[in-house]
Amino acid sequence: KAMHRTPEVLDCWFDSGSMPFAQHHYPFENKELFEQTFPADFICEGIDQTRGWFYSLLAIGTLVFGKSPYSNCTALGLINDKFGRKMSKSLGNGVDPFEILNRDGADALRWYFYYNANPGTSLNFNEDSLVELERKFMGTLWNSYAFFILYAEIDNFDPTKYNLYDCKLSLLDKWLLSEFNSLVKFVTTSLDKFDMLSSSRKITDFVDNLSNWYIRRSRERFWASGEGEDKIAAFKTLYTVLSGLTKLIAPFVPFISEKIYQNLVRSVEKNAPVSVHLCDWPTADEKLIDEKLNEGMEEVLEVVALGRSVRNTSGAKQRQPLASVKLCFAGKSSLNKELVDLIRGELNVLRVEEICDPYEFVSYSLKPNLPVLGPKYGKLIGAIRNELASADANRVVKSVKAGEPYVISVGGEKISLTEADLFIEIMNKAGFASESNGAVTVIIDTTLTRELVEMGNVREIVSKIQNLRKDSGFEVTDHINLAFSGDDSLIDVAMRNAKNIEKETLAKIDNKSSFEFKTQVEIDGKTLVITIEKE
C-alpha cells in the first residue's frame with residue numbers, strides 16, 4: 001500500500017522550542033516552578049544547533065510569552081583533527097573520546113578545551129598538545145599540593161591553629177596572596193561573561209608562578225627546623241592559597257579539585273562542606289590585594305627570565321655565583337630593596353645595581369629593518385646600510401629608544417629612522433653579557449675571581465651532598481655525619497666553608513672517618529670523595 005506524507009508535520013526540531021514549559025507540563029501544572037526557571041540564565045549547545053534549537057526556542061518563546069526564553073546563548077564550535085579537517089568515518093580521522101578519558105582523564109580533556117579556544121570557535125584537536133598542557137597545568141598543580149602535604153605531615157602542621165592575619169608574612173607571602181585574590185576577581189568577572197579561555201589561561205599562569213616562583217623561592221622556609229614565625233607564615237599562606245584555588249577550579253576540573261580538597265581541607269577542617277562542589281564560590285579579599293607589589297614582582301620575573309637567559313648564553317654554571325647584575329629600565333622601575341634581594345638570590349649574584357645608561361657595558365650593531373624600509377626606499381637600502389654602519393650606534397640607539405627619530409641624508413633625501421626601522425643587535429663588551437626585551441636591559445658581569453670560584457665550588461659540594469642524602473633514602477630532617485677525602489685543595493675549600501656546609505646539609509663533618517654512603521664530585525679536573533651516614 002502506498003505511503004502518504006501527512007502535510008501538517010513540522011520540522012522535527014520545531015517542538016524542541018517548547019522545552020522550557022513542556023518539561024514542567026506548564027500551563028497545566030507547576031506554574032510556580034516554571035516561573036522560577038524562565039527565562040533560563042543561559043543555554044549551551046553545538047553551533048550546528050543555531051538553526052534548530054536556538055531558533056525554535058526563541059521563536060516559540062517570543063510567540064507564546066513575548067520574550068526570549070534564555071538570557072545568554074553559548075555556542076560550541078566543532079572539533080576537527082589536528083590538520084583542521086572535520087572528523088569523519090570516511091577519512092578515518094576520528095578520535096575515540098574514551099581512549100583519551102581512560103589515558104589522560106576527563107579533567108585534562110576539559111582543561112584542553114577551555115585553554116585552547118573560545119566556546120564558539122572550532123578547535124583542531126591535538127593529543128600531543130593535550131598531554132603537554134596536562135603536564136603544564138595539572139602536573140604542576142599536583143606537585144604544589146604534594147609539596148605542601150609532604151612538609152605539613154613532617155611538621156604535623158595544623159592550619160586551623162593559625163590566623164593568616166596574625167602571621168608575620170614575608171614579601172613572597174604577601175605577593176602570592178595578592179595575586180591569588182586578584183585571580184579570584186579576574187576569574188569571577190570572566191565567568192560572568194562566559195569567558196572560559198581567559199580564565200583558564202590566567203589560572204594556568206598563576207599555578208606556574210605558584211610552583212616555579214613562590215614554592216621554589218620559599219623551599220628553605222619549609223625545610224627550617226622548629227616552628228618559627230617565618231615557617232608558620234609560609235605554611236599558612238600556601239594552605240590558604242591551595243584551599244582557595246581548589247574551590248576556584250572546581251567547576252573547570254571537578255575530579256582533581258575534589259581529590260585535593262578531601263585530603264587538604266576535609267582532613268583538617270572538620271566542619272568543612274563534605275565536597276568542594278558544595279563550597280561557596282571564593283570571594284576576593286581586597287585587603288590582601290597590592291597592585292604595586294604585583295607590578296613590582298612582574299618586573300622581577302621579567303628581569304629573572306632575561307638574567308637566566310644571559311647566564312645560559314654566557315656559559316656561566318648555574319651554581320657559580322657572579323659579581324653583579326646591572327639593570328637598565330626604559331621607564332620608571334617599581335623595584336624596592338626586598339624585590340632586588342629576590343633578583344640577587346635567583347640570579348646567584350652578589351650585587352644588583354640599577355643604572356641609567358647601559359652604553360658603558362654594551363655596544364650595538366645597526367642594520368636596516370628590510371621588511372619595513374625595503375618597500376619605502378627600495379634602491380636606497382644599500383646607502384642606508386652604509387650610513388648606519390658608519391654611525392655612532394650607541395648614540396643612534398639612545399635617540400630612537402627615547403622616541404627621537406635619527407635623521408640621515410641619502411642621495412639628497414633626508415630620511416628619519418625610528419626604532420621600528422632598525423634591526424638593533426647588542427654587542428657585549430669583554431667581561432659582560434647582556435640581553436634586553438625593550439623594557440629592561442640586563443647586564444651580567446661574567447668575570448670570575450678566586451673568591452667567586454670558591455663560592456661556586458662550595459655550592460657544587462652542597463648539591464652533591466643533598467643528592468647523596470636523597471639517594472641514600474634519608475628524610476629531609478635527618479642529621480648526618482659527613483667526611484671528605486680526595487684532592488687536598490678541594491678538601492681545604494670544604495673545610496674553610498665547613499660551617500656553611502654543615503648548616504645547609506644538617507651535617508657534622510668528621511674527616512677522620514669514612515661512612516657508609518659515598519659519592520664524588522669533579523671540579524676543574526679534581527676529585528672530592530664524599531661519604532655520609534645518619535647521625
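Colleague: How does α16 pass α18, left-handed or right-handed?
Modeller: α16 makes a right-handed crossing with α18 (near helix turned clockwise from the far one by less than a right angle). Helices are DSSP runs of H or I, at least four residues, and strands are E runs of at least two, numbered from the N terminus. This is a predicted model, with local features needing pLDDT of at least 70 and side-chain atom pairs 80 or more, while totals for chains, interfaces and linings use all residues. Residues count from 1 along each chain as its sequence is written, and side-chain values use heavy atoms, without hydrogens or water.

Colleague: At what angle do α16 and α18 cross?
Modeller: Roughly 30°, with the axes of α16 (450-471) and α18 (498-505) coming within 10 Å (axes fitted to C-alpha atoms, for helices over the stretch in contact; angles 0 to 180 degrees between N-to-C directions). So α16 is roughly parallel to α18 (under 35 degrees).

Colleague: Which residues make the contact?
Modeller: V458, I461, V462, I465, Q466 and R469 of α16 meet N500, I501, E504 and T505 of α18 (heavy atoms within 4.5 Å).

Colleague: New topic. What is the strand order in the open sheet?
Modeller: β14-β13-β16-β15, 4 strands with mixed pairing (at least two DSSP bridges per pair). β14 (507-509) and β15 (517-523) each have a single partner strand, so one side of each lacks a neighbour in the sheet.

Colleague: How many bridges join β15 to β16?
Modeller: 7, and these strands run antiparallel. Q520 has V529 in β16 as its bridge partner.

Colleague: Which strands does α16 touch?
Modeller: β13 (480-486), β15 and β16; α16's direction makes about 155° with that of β15.

Colleague: And where does α17 lie?
Modeller: α17 (488-496) lies across β13, β14, β15 and β16, at about 150° to β13.

Methods. Angles under 35 degrees count as roughly parallel, over 145 as roughly antiparallel, 65 to 115 as roughly perpendicular and the rest as oblique.
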